[in-house]
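Here are some comments for you to read alongside the structure, taking the charged side chains one group at a time. Please keep the view open while you go through the points.

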Amino acid sequence: MERYKRLLLRKNRVLEDKIKERAQEQETLLTLFDHADAVLFKWKYDADNLTYISKSIVNITGYKEEDFLSKKIKYHECIHKDDFVEYKQQYLEAIQSHKHYYESKPYRIITKDKQVKWIHDYKLFTRNDLGNITNFIGYITDITLLKEYDLTVANQSKMASL
């Protein structure tokens, strides 16, 4: 009996070490987003409850992650009013068509200091056994410089054709 108990304790320690190692690996991977020009997020669908957002959100929106986690500000409130209807329509179509992955068309946000930035948005919908969405996991990237370049090239082409 004592030998069996020691064996269980040893196996338990091995499992605890593996769990700790996995948690550290996950933390390291998530830290990548804290220093990137992209923001990683996760929120529960039914509760509209943001459960994770990377610290890099401040680089894009000017708001800290605590502002979003505490619901002081909601991300959709940052979306430019002229882009919100199309953004919401794309989002709802992705949900209704039972997609598991969704990539938005570029849209604008208004930052805390009233700057306009262009965003590209990617979401993965996780679903339960009944097919109902449980979480959104995704990331947004700031594509402002790329979009400004595209607009400049388009304007130059337009001017050249006149």
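Predicted model: local features only at pLDDT ≥ 70, side-chain atom pairs only at ≥ 80, totals over all residues.

1. Because K117 belongs to strand β5 (residues 116-127) and D142 to strand β6 (residues 133-142), the pair ties together parts that are 25 residues apart in sequence.

2. How many salt bridges does the structure hold? There are six, and the general idea behind them is that side chains of opposite charge can pair when their charged atoms come close.

3. Another of these pairs is formed by D67 and K72, whose closest N and O atoms are 3.9 Å apart. Here D67 is buried, with a relative accessible area of 11%, whereas K72 is exposed, with a value of 64%.

4. A further salt bridge links the side chains of D121 and K123, at 3.0 Å from N to O. Are these two residues buried or exposed? Both D121 and K123 are buried, which means that each has under 20% relative accessible area.

5. Turning from pairs to a patch, R3, R6, R10 and R13 gather on the surface, where they make up a patch of positive charge. Of these, R3 is located in helix α1 (residues 2-34), and R3 counts as exposed because its relative accessible area of 69% is over the 50% cut-off.

Methods:
Residues numbered from 1 in each chain as written. Heavy atoms only, no water. Patch = residues over 30% accessible without salt bridge, like charges linked within 9 Å, V, L, I, M, F, W, Y side chains within 5 Å. Areas by Shrake-Rupley, 256 points an atom, 1.4 Å probe, with all protein chains shown as cover. Salt bridge = Lys/Arg side-chain N within 4 Å of Asp/Glu carboxyl O. Lys, Arg positive; Asp, Glu negative; His and termini not counted. Charge placed at Lys NZ, Arg CZ, Asp CG, Glu CD. Helix = DSSP H or I, 4+ residues; strand = E, 2+ residues; numbered from the N terminus. Buried < 20%, exposed > 50% of the residue type's maximum accessible area, 1.4 Å probe, protein only.
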